[in-house]
Amino acid sequence: MTLLQPEADRRQNEISDLAFSYLATALQEETGIVLTAVKRELVVSRLSRRLRALDLPDFDAYCDLLAGPDGAVELNEMLLLLTTNVTRFFREPHHLERLRQDILPDLINKARAGERVRIWSAGCSSGEEAYSLAMILLDLCPEARSMDIRILATDIDRNVIEAAKRGLYRFDEHELLADPLIQKYTTPTEAGAFQVNPDVKSIVKFACLNLQKPWPMNGKFDVIFCRNVVIYFAAQTQQHLWPRFANALHEGGHLMIGHSERITGAACAYFKPVGTTHYQLVSRGNAP
Ligand SMILES: C[S@@+](CC[C@H](N)C(=O)[O-])C[C@H]1O[C@@H](n2cnc3c(N)ncnc32)[C@H](O)[C@@H]1O
């Protein structure tokens, strides 16, 4: 047994071209995420533990599992291991400044007049983005809870959604400790951690949603944040997504995307750039 162990480890840590291509295709079809050849080592390091947990000898056997009757269930487990969930509070603050200065004052007036206001954090990871938006909103409008103004936050990864619902974070970045909104809207717990306060939590709703599948929401959004999500998708997948965001927004609604993402191609007809990676819906045309 001991003598055979190194051979077993080797097989669980090596992936053939065919197996890598099979996994990459399965992941892209389900999520839109593209695994280029440079991600090969990452795939092995993240999935080899899964192989061991399932007692599978190698990646070929893992591909057989994905192709078999329990494949859909395992695909869901695989995507949890392969998504990139890096995020932080108050990330890309130029969007948040625009929200605070220009966008929210009008939306708050709209909500005060009894209208419905919705903001969507699409690909929200563990919730820091959505809670950052909620803290800014409450800071501007402490009575927001009593109005019809809410933030929907969704992600494909059920583990990050569960973490987001808990709203318990560590002070990994020191400057976060001193942030006035963190001080105002969170409570320190054990050393080095804090809990998002219930008033902030009460205006955010977290849910699992795969952006590549149909979206169940009926009403339109005033602002959509989809930042650092489409960067992992193929260009063609991005091109399919922009018109869907156009269709999900109110006319004049705002779309914020990540610092290295751009709206290009036919979708430029729907959106005009109004700031750095900040777009406004000008026409929905015949967006699906
Ligand atoms: C890098 S995080 C970005 C988090 C946050 N928006 C930010 O900018 O800090 C990307 C998130 O997109 C999610 N994601 C990837 N593919 C997705 C899909 N098809 N549908 C929904 N979420 C997806 C991942 O699970 C991950 O949590």
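Start by selecting P273 and Y279. P273 stands opposite Y279, a residue of strand β10. Keep in mind that this is a predicted model.

**The hairpin**

Next, colour residues 278-281, which make up β10. Strand β9 is joined to β10 by 4 bridges, and the two run antiparallel. What do β9 and β10 form together? They form a hairpin, with 2 residues between the strands. Click on T277 in the turn: its phi is positive, about 50 degrees.

**The whole sheet**

Zoom out to the sheet. How many strands form it? There are 7, in the order β6-β2-β1-β7-β8-β10-β9. The sheet is open, and its pairing is mixed. Which strands stand at the edges? Select 204-208 for β6 and 271-275 for β9. Each has a single partner strand, so one side of each is left without a neighbour in the sheet. Turn the view and compare neighbouring strands: on average they are turned by 20 degrees against each other, direction ignored.

**A helix on the sheet**

Select residues 235-248. This is helix α12, and it packs on the sheet. Which strands does α12 touch? Show β1 (117-122), β7 (221-226), β8 (249-257), β9 and β10. The direction of α12 makes about 135 degrees with that of β8.

Stay on this helix and pick P243, which lies in α12. Is P243 buried or exposed? Its relative accessibility is 9%, so P243 counts as buried. Now draw a distance from P243 to C268. Their C-alpha atoms are separated by 9.5 Å, while the two residues are 25 places apart along the chain.

**A histidine in β8**

Go to H254, in strand β8. H254 has a relative accessible area of 13%, so this residue is buried. Show the side chain of H278 as well. A polar contact of 2.8 Å joins the side chains of H254 and H278. Then display other residues that H254 touches, leaving out those up to four places away in sequence: among them are I103, D222, V223, I224 and L249. Y279, where the tour began, is also touched by H254.

**A helix and its cap**

Select residues 59-67, helix α4. Which residues of α4 are buried? Look at F59, A61, Y62, C63 and L66. For C63, the relative accessibility is 9%. Now step back to D58, which caps the N-terminal end of α4. One of its side-chain oxygens lies 3.3 Å from the backbone nitrogen of D60.

**The cysteines**

Highlight the cysteine sulfurs. How many disulfides are there? The count comes to 0. Take C124 as one case. Its closest cysteine sulfur belongs to C208, 8.8 Å away, so the pair is too far apart for a bond. C124 is buried too, with a relative accessible area of 1%.

**The ligand**

Finish at the ligand. How many residues are around it? There are 22, and T31, T87, R91, D155 and N228 come nearest. Select T31 first. A ligand nitrogen is 2.8 Å from a polar backbone atom of T31. Then move to L211, where a polar backbone atom is 2.9 Å from a nitrogen of the ligand. End on R227: a polar backbone atom here is 2.9 Å from a ligand nitrogen.

Notes: Residues are numbered from 1 along each chain as its sequence is written. This is a predicted model: local features need pLDDT of at least 70, side-chain atom pairs count only at pLDDT 80 or more; totals for chains, interfaces and linings use all residues. Side-chain values use heavy atoms; hydrogens and water are left out. Two strands pair if DSSP finds at least two bridges between them. Axes are lines fitted to C-alpha atoms, for helices over the stretch in contact, and angles run from 0 to 180 degrees between N-to-C directions. Contact means heavy atoms within 4.5 Å. A disulfide is a pair of cysteine sulfur atoms within 2.5 Å. Buried means under 20% relative accessible area, exposed over 50%, partly exposed in between (1.4 Å probe, protein chains only). A residue is near a molecule or strand if one of its heavy atoms lies within 4 Å of it. A polar contact is a pair of N or O atoms within 3.5 Å; within protein, one must be able to donate a hydrogen and the other to accept it, and residues adjacent in sequence count only if both atoms are side-chain atoms.
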